[in-house]
Amino acid sequence: MRYLDHSQPLALLVLRIVLGAIMIAHGYHKVFGGMAHTVQFISNLGLPGWAAYLSAYTEFFGGILIILGLITRITALAILIDMLVAIAKVHWKNGLVGQGGFEFPLSLAAIAFALILFGGGPIAVDAIRRGGGKGWAGRG
C-alpha cells in the first residue's frame with residue numbers, strides 16, 4: 001500500500017478543489033447581491049453585522065484561494081472558524097443529520113482542518129512560491 005503515498009499530492013488537490021468549489025458556491029450569492037440579507041440573518045443570530053462581510057468574503061474569496069493553494073493554511077483556518085460558527089449558531093439545534101443538520105458544515109470543517117495540518121501540497125501556488133514547485137512529478 002506504500003505506492004498510494006505517491007498519490008497524496010493528488011488527494012490534497014482534490015480536497016482543495018472540493019472545499020473551494022463549495023465555499024465559492026456558498027459565498028457567491030452573499031458577495032454579489034445578497035449581502036443585505038446576510039447581514040440581517042447574521043444580526044438575528046446575535047452576532048455583529050460586520051461578521052456577515054467576514055463570513056461571505058471568507059467563503060467566496062477563501063474558496064478561490066483554497067483552490068489555487070495560496071495561503072492555504074491561513075485560509076483553511078478562516079474557513080474552519082466560519083464553519084464552526086455556522087454549526088454553533090445555526091445547525092447544532094437540528095442535530096447531526098436531517099434537515100438543517102450539522103453533518104455538511106462539519107464535513108467542510110474537517111477538510112479545512114486537514115488542510116491546516118497538511119497545507120496545500122506540492123500542486124499548489126504555495127509550493128511554487130516557496131521554491132518547492134516541482135509539482136507532483138518531482139516527488140521522490
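Buried residues account for 37% of the 140 residues in this chain, and keep in mind that the model is predicted. The C-alpha trace spans about 55 × 30 × 20 Å along its principal axes. Take the contacts between residues at least 6 apart in sequence, and 69% of them join residues at least 24 apart.

Now for the inside. The largest nonpolar core has 13 residues, and Leu 19, Met 23, Ile 66, Ile 79, Met 83, Ala 112 and Leu 115 have the most contacts inside it.

The top contributor is α5, with 5 residues.

Which residues does Ile 66 touch, leaving aside those up to four places away in sequence? The list is Arg 16, Leu 19, Gly 20, Thr 72, Thr 75, Ala 76, Ile 79 and Leu 115.

Ile 66 also turns up where α1 meets α3. These two helices pack at an angle of about 150°, with their axes 7 Å apart. An angle over 145 degrees counts as roughly antiparallel, which is why α1 and α3 get that label. Their crossing is left-handed. On the α1 side the contact includes Arg 16, Leu 19, Gly 20 and Met 23, while α3 brings in Phe 60, Phe 61, Gly 63 and Ile 64, among others. By class, the α1 and α3 contact has 15 nonpolar, 4 polar and 3 charged residues.

Conventions
Residues are numbered from 1 along each chain as its sequence is written. This is a predicted model: local features need pLDDT of at least 70, side-chain atom pairs count only at pLDDT 80 or more; totals for chains, interfaces and linings use all residues. Side-chain values use heavy atoms; hydrogens and water are left out. A nonpolar core is a set of buried Ala, Val, Leu, Ile, Met, Phe, Trp, Tyr and Cys residues joined through side-chain atoms within 4.5 Å. Buried means under 20% relative accessible area, exposed over 50%, partly exposed in between (1.4 Å probe, protein chains only). Helices (H or I, at least four residues) and strands (E, at least two) are DSSP runs, numbered from the N terminus. Contact means heavy atoms within 4.5 Å. Axes are lines fitted to C-alpha atoms, for helices over the stretch in contact, and angles run from 0 to 180 degrees between N-to-C directions. Angles under 35 degrees count as roughly parallel, over 145 as roughly antiparallel, 65 to 115 as roughly perpendicular and the rest as oblique. A crossing is left-handed if the near helix is turned anticlockwise from the far one by less than a right angle, and right-handed if clockwise. Ala, Val, Leu, Ile, Met, Phe, Trp, Tyr, Cys and Pro count as nonpolar, Asp, Glu, Lys and Arg as charged, and the others, Gly among them, as polar.
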